Amino acid sequence: MDSLITAAALALAGGDPLGALDRVALREDAPALALRGIAMAQLGDFERAKLLLRRATRAFGPKEAVARARCVVAEAEIALVSRDLGWPAKALDAARATLEKHGDRLNAAHAGHLKVRRLLLIGRLDEAEHVLAGLDPTPLPPAPRAAHELAVAGIAMRRLRTRPARAALEWARNAARQAGIAGLMAEVDSAFQALEAPAARLITQGAERPVLLEEVEALQGSPALIVDAFRYAVRSGETTVSLASRPVLFALARALAEVWPGDVSREELVARAFGGKHADESHRARLRVEIGRLRAELGVLADISATRRGFTLAPLQARAVMVLARPIEERHAAVLALLADGEAWSSSALALALGTGQRSVQRALEPLAEAGKVQSFGHGRARRWMTPPVAGFTTTLLLPAPLPNG
């Protein structure tokens, strides 16, 4: 490897893509093409970067398996950053295996971290934890060590384990400072901000307040009767009643819990549960049936009593009733949560991350665009969607994945 290639590689490792291009911009050999591709990716020109990396992969000979594998890993990183979630994950696994076989542990670890980040993005936390457990961060230099700790923190935050998340972010901050890469330090700072921003709303006795991720975690073991709007469940202590498949019952439970110890009128319950504007006799009959079903579902947790104007919730053991609500509640909150990372998403990538059909995502994007909450650019398959970050909230709990014990 000649001195210009070495100098360009060192510049890229230090976060200086322009310095790298100064050294190899006019060269067409395979190593230079690969470094130019990585530099263009760091500068944000992903299409040009992918083209250069594919040219480099073809230019490397069949005996240069390690170099080809490194190009695949670089292309996988571009796919992740540009939210091309349909990029073949098996190619990254094969490249990682090649790098491990030839002793390139640093780039093999980088490939592993890319896989973890993709799994985390689409809500497959168990798989992400499994992959991360096989990566030893001890021998890693500062930049990849920071990436490792960011992955650890990301999983911990989604699992509502704030203390391990904070510890991992401290490690990441120290490693990022040692690496001296501004973009990496900004990513760590952004993760810290998510810990300090409101993650949910707590509603009790008709009043609500924002709560941090640590407070949401503390509520997991609370003896209070909690109506959880994230998991669509009612719980107290170790007992949880899932109402995820009973939306009408959950709507009734939430309406009753929000004003406890007061009661809710029959008219309001009809509106909340059935969407009816006026409670006629048929609505009242249906309400009585659904209240009976809810009373049976809650079992040992609570009873529901009739009052002159409606119904009231009566916990059997808990001394307080709370509603844990999402920070943003609207029909397409999950789509907004994904777009809130500031990256440009295709509708197909959104569908993959949400585990739904692409047409469903497109139907969600249309009213959001009409309301000015999202914007698009490009046409056809090149069309991408973006939105500014959701101000004042962390969207960790809005992303597609179950909460602990969910």
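Which residue just after α3 takes a positive phi?

Residues are numbered from 1 along each chain as its sequence is written, and side-chain values use heavy atoms, with hydrogens and water left out.

On confidence first: pLDDT is the predictor's confidence in each residue, from 0 to 100. The protein chain averages 88, and 95% of the residues score at least 70. Please be careful with residues 396-406, where pLDDT stays under 50. Where pLDDT is low, the predicted coordinates should not be read in detail.

Now back to the opening question. The residue is Gly44, with a positive phi of about 95 degrees. Helices here are DSSP runs of H or I with at least four residues, strands are E runs of at least two, and both are numbered from the N terminus.

Helix α3 itself covers residues 30-42.

Is α3 enclosed or open? Of its 13 residues, 10 are buried, so the helix is largely enclosed by the rest of the structure. Buried means under 20% relative accessible area, exposed over 50%, and partly exposed in between, using a 1.4 Å probe and protein chains only. Among the buried ones are Leu33, Leu35, Arg36 and Met40. The buried residues of α3 pack against α1, α2, α4 and α5.

At 27% relative accessibility, Asp29 counts as partly exposed. Its side chain makes a polar contact with the side chain of Arg27, at 3.1 Å; such a contact is a pair of N or O atoms within 3.5 Å, one able to donate a hydrogen and the other to accept it. Asp29 and Ala59 are 30 residues apart in sequence, yet 7.4 Å apart in space, C-alpha to C-alpha.

Finally, the interior. A nonpolar core is a set of buried Ala, Val, Leu, Ile, Met, Phe, Trp, Tyr and Cys residues joined through side-chain atoms within 4.5 Å. The largest has 34 residues, and Leu294 and Leu313 have the most contacts inside it. Its largest share, eight residues, comes from α13. A second, separate core of 32 residues includes Val72 and Leu350.

Technical notes
Predicted model: local features only at pLDDT ≥ 70, side-chain atom pairs only at ≥ 80, totals over all residues. Contact = heavy atoms within 4.5 Å. Expected span 1.5 Å × (residues − 1).
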